[in-house]
Amino acid sequence: MSWFESLILGLVQGLTEFLPVSSSAHLRLTAAFSGWKDPGAAFTAITQIGTEAAVLIYFRKDIGRIISAWTRSLTDKTLRSDPDARMGWLVIVGSIPIGVLGVTLKDQIEGPFRDLRITATMLIGMGIVLGVADRLAARDESGGKHRAPKQRKALEDLGVRDGLIYGVCQAMALIPGVSRSGATISGGLFMGYKREAAARYSFLLAIPAVLASGLFELKDATEGGHVSWGPTIFATVIAFGVGYAVIAWFMKFISTKSFMPFVYYRIVLGIVIIVLVGTGVLSPHAAESAG
């Protein structure tokens, strides 16, 4: 992998990780459209450490409170009803599905799931799901001619059942094209949560999963020696800087705006990919992964 490729891929990772458009799909597509080798699942996982570092810094106050309350609740039973302590347990519970499936489906994630036809299908399918969820949320928030606005749930209303459902939604993002934030936010909106609450838990829930995945791939890459470390680290740093700016923008955006622009983008991009693959312009299968 060249330094120019790592710059572009780092920018793409940072720009798309937190938007409901699938960063893994965009890394795969950027390489395919540019005629580069597929950067591979290992590159994706390692650069996600950079974007996840941006989450740690942006939500540092929330994370600090959660870790402190959760740790103290292990020995002090009176703190177990504290919202921050509960959130610590809910993040752990919600991380179980992706942890189990990530290990179980590792070979598929690095191979068959990277087929562009699957990516395109997921872009369109999850785009429609996000659109329906967004419309339901908008209807509740605005009410109607004969119906008062409906109060949606906040993070304080989150329980174990909803946490597990969020976790299952997050696990779907193991398939390129689904989008971690898109799947979890859609799940949250369908369960009746406010847009900002769904997004905030989505970001918090991603922390253990993404860091664990990145460190796991980091270990394998170190032992296998199949990663170009200079460009990969450079891309990770770029992803961190861009990702931080995107989080700040996105959290303000969702408080007042609809997700529909992302829905239209996903559907159009998915259709374009299907057409290009169908006409032979793009190969559906990944080229040999870049080292």
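Start by selecting arginine 195: with a relative accessible area of 7%, this residue is buried (buried is under 20% relative accessible area, exposed over 50%, partly exposed in between, with a 1.4 Å probe and protein chains only). The model is predicted, so local features need pLDDT of at least 70, side-chain atom pairs count only at pLDDT 80 or more, and totals for chains, interfaces and linings use all residues. Residues are numbered from 1 along each chain as its sequence is written, and side-chain values use heavy atoms, with hydrogens and water left out.

**Stop 1: salt bridges**

Aspartate 134 sits in helix H7 (residues 116-142) and arginine 195 in helix H10, so the pair ties together parts 61 residues apart in sequence. Helices here are DSSP runs (H or I, at least four residues), numbered from the N terminus. Aspartate 134 is buried, at 1% relative accessibility.

Next, select arginine 65 and aspartate 84. Their side chains form a salt bridge at 3.3 Å, N to O. This pair links helix H4 (residues 60-73), which holds arginine 65, to helix H5, which holds aspartate 84; they are 19 residues apart. Arginine 65 is partly exposed, at 43% relative accessibility.

Move to lysine 153 and aspartate 162. The closest N and O atoms of this salt bridge are 3.1 Å apart. Lysine 153 is partly exposed at 24%; aspartate 162 is buried at 5%. Now show Asp62, Arg65, Asp84, Glu196 and Arg200 together: salt bridges with shared partners join them into one network. The count of salt bridges comes to nine.

**Stop 2: helix H8**

**Stop 3: aromatic rings**

The count of aromatic pairs is 15 (ring centres of Phe, Tyr and Trp, its six-membered ring, within 6.5 Å; planes under 30 degrees apart are stacked, over 60 edge-to-face, the rest tilted). Pick tyrosine 58 and phenylalanine 59. They are edge-to-face, 5.0 Å centre to centre with 80° between the planes. Tyrosine 58 is partly exposed at 28%; phenylalanine 59 is buried at 2%.

Then take tyrosine 166 and tyrosine 193. Their centres are 5.9 Å apart and their planes at 55°, so this pair is tilted. Tyrosine 166 lies in H8 and tyrosine 193 in the loop between H9 and H10, so the contact ties together parts 27 residues apart in sequence. Tyrosine 166 is buried at 0%, and tyrosine 193 is buried at 0%.

Finish here with one aromatic cluster, whose members include Phe18, Tyr58, Phe59, Phe203 and Trp249.

**Stop 4: the largest pocket**

Show the largest pocket, with a volume of about 650 Å³. On a 1 Å grid over the protein atoms alone, a pocket is an open set of points where a 1.4 Å probe fits, with protein on both sides within 12 Å along at least five of seven lines; lining residues have an atom within 4 Å of a point. The volume is the space filled by probe spheres set on the points, which are joined across faces, edges and corners. Of its 30 lining residues, the closest to the centre are Gly102, Ile109, Leu174, Arg180 and Ser213. H10 gives the largest share of the lining, seven residues.

Key: Helix = DSSP H or I, 4+ residues; strand = E, 2+ residues; numbered from the N terminus. Salt bridge = Lys/Arg side-chain N within 4 Å of Asp/Glu carboxyl O.
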